[in-house]
Amino acid sequence: QWMSLEGYFFPGNYSMKPDISLEAFVAEILTRFKTTVLTNDFWVQLKQSGLTLHQAITMASIIQRETLAEEEMPTIASVFYNRLAIGMLLETDPTVQYALGYDATKNTWWQSPLTYTNLEINSPYNTYHNPGLTPGPISNPSLAALRAVVVPAATDYLFFRAKCDGSLTHNFSKTYEEHLNFGCE
């Protein structure tokens, strides 16, 4: 059975010779992941989180696709933990975008905005229909996203929504009513 390395390729700049073999290329990227991410502190924090390494990387990959604002990542992690704790669906758009795959007409892997029809896609990656995390990562998360998973913020938030100011950051809320009030006109 095929095992994907998605999520385990640490993003960053690499300096490699043009004639590097595929095996050496993959080994270099995985070594960077191991030495950068898998520190003793990370393992201790991961154990405290209650997640497996694969689950942590999966959650971090979703957080990575939700925001580029590193300061928000621990808060988004808290939302996901809070939802998982009460059996609430994650209902996160990037997982649906991943399930949809490449859109040749729009020339993108990350279709936006999503339609209600998109949200109905039958896929184990659709967190609008499937409880818990996706079967695997949907991107290669940054160190900030991985740290957010093992050291999340402590909040009561269950929702987040993009701000209407173009900042690409989010408003967070505890109730669905508050969440609805953050909608853009």
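Predicted model: local features only at pLDDT ≥ 70, side-chain atom pairs only at ≥ 80, totals over all residues.

I began with Phe160, which is buried at 15% relative accessibility (buried means under 20% relative accessible area, exposed over 50%, partly exposed in between, with a 1.4 Å probe and protein chains only). Residues are numbered from 1 along each chain as its sequence is written, and side-chain values use heavy atoms, with hydrogens and water left out.

**Aromatic pairs**

How many aromatic pairs does the structure hold? I found eight (rings of Phe, Tyr and Trp, the last by its six-membered ring, pair if their centres lie within 6.5 Å; planes under 30 degrees apart count as stacked, over 60 as edge-to-face and the rest as tilted). I looked at Phe159 and Tyr176: their ring centres are 5.6 Å apart and their planes meet at 55°, so I logged the pair as tilted. Phe159 belongs to strand 1 (residues 159-162) and Tyr176 to helix 7 (residues 176-181), so this pair ties together parts 17 residues apart in sequence. For the record, helices (H or I, at least four residues) and strands (E, at least two) are DSSP runs, numbered from the N terminus. Phe159 is buried at 9% relative accessible area, whereas Tyr176 is partly exposed at 44%.

Back to Phe160: it makes a tilted aromatic pair with Phe172, at 5.9 Å centre to centre and 40° between the planes. That pair links distant parts of the chain, with Phe160 in strand 1 and Phe172 in strand 2 (residues 170-173), 12 residues apart. Phe172 is buried too, at 17% relative accessible area. I also saw that ring pairs link Phe80, Tyr157, Phe160 and Phe172 into a cluster.

Most residues other than glycine have a negative phi, and most peptide bonds are trans. The peptide bond from Ser112 to Pro113 is cis, with omega near 0°, and Pro113 is in the loop between helix 5 (93-100) and helix 6 (143-150). Asn107 is found in the loop between helix 5 and helix 6, and has a positive phi of about 55°. Asn107 counts as exposed, at 59% relative accessibility. Leu168 has a positive phi near 65°, sits in the loop between strand 1 and strand 2, and is exposed at 65% relative accessibility.
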